[in-house]
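Visitor: I have a model open and I'd like to learn how to read it. Could you walk me through a few features?

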Amino acid sequence: MRMPLLFVGHGSPMNAIENNRFTEEWEKIGQSVKPEAILMLSAHWFTQGSFIQDSQHPRIINDMYGFPRDLYHVGYHVKGHQQLTDDVISLISSTVLINNDWGIDHGAWSVLNHMYPKKDIPVVQLSIDANKNNEEKFHIG
């Protein structure tokens, strides 16, 4: 059985610590969709080439500035998932390199914080390759 593909825009990073109609919907999605692991693509990790993480404990990236202190203490610490990383590398026909310098950015954790507040689902982030055209990006998906 295939899991659904979701496009979830985080809107304001403040949604990570607020309760509103957006966060309520994210909670509902999290209650109805229970994946073994999550492959996350975030527009905040836009790279020259394709990169993926294989860290067992991906770091948290606070890649936003000028917000209240509470936002920087969300700390969505999750495990990585080596098998998912390996599967993605084998399925993408172009070169995908391991890069653990980035981590889980606010494009991911601000939404996941509401969808899976127990932080019990592993997350692997895949970069978006700026060198690929839209058709190539579609095929990667």
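Predicted model: local features only at pLDDT ≥ 70, side-chain atom pairs only at ≥ 80, totals over all residues.

Visitor: Why is strand 4 described as largely enclosed by the rest of the structure?

Guide: Burial is the idea: buried means under 20% relative accessible area, exposed over 50%, and partly exposed in between (1.4 Å probe, protein chains only). Strand 4 (residues 123–129) has six of its seven residues buried, so the rest of the structure largely encloses it. For contrast, take G141, in the segment after helix 4 (134–140); G141 counts as exposed because its relative accessibility is 88%.

Visitor: How many residues of helix 3 are buried, and what covers them?

Guide: For helix 3 (residues 106–115), it's 10 of 10. The cover includes helix 1 (21–32), strand 1 and strand 4, where contact means heavy atoms within 4.5 Å.

Visitor: Which residue caps the N-terminal end of helix 3?

Guide: Think polar contacts: a pair of N or O atoms within 3.5 Å, where within protein one must be able to donate a hydrogen and the other to accept it, and residues adjacent in sequence count only if both atoms are side-chain atoms. D105 is the cap, with a side-chain oxygen 2.8 Å from the backbone nitrogen of G107. Further along helix 3 sits H114, buried at 8% relative accessibility. The H114 side chain reaches the backbone oxygen of A16 at 3.2 Å.

Visitor: At what angle do helix 1 and helix 3 pack?

Guide: Axes are lines fitted to C-alpha atoms, for helices over the stretch in contact, and angles run from 0 to 180 degrees between N-to-C directions. These two pack at about 65°, with axes 7 Å apart. That makes helix 1 roughly perpendicular to helix 3, a label for 65 to 115 degrees (under 35 is roughly parallel, over 145 roughly antiparallel, the rest oblique). Helix 1 contributes T23, W26, E27, I29 and G30 to the contact, and helix 3 contributes S110, V111, H114 and M115.

Technical notes: Residues numbered from 1 in each chain as written. Heavy atoms only, no water. Helix = DSSP H or I, 4+ residues; strand = E, 2+ residues; numbered from the N terminus.
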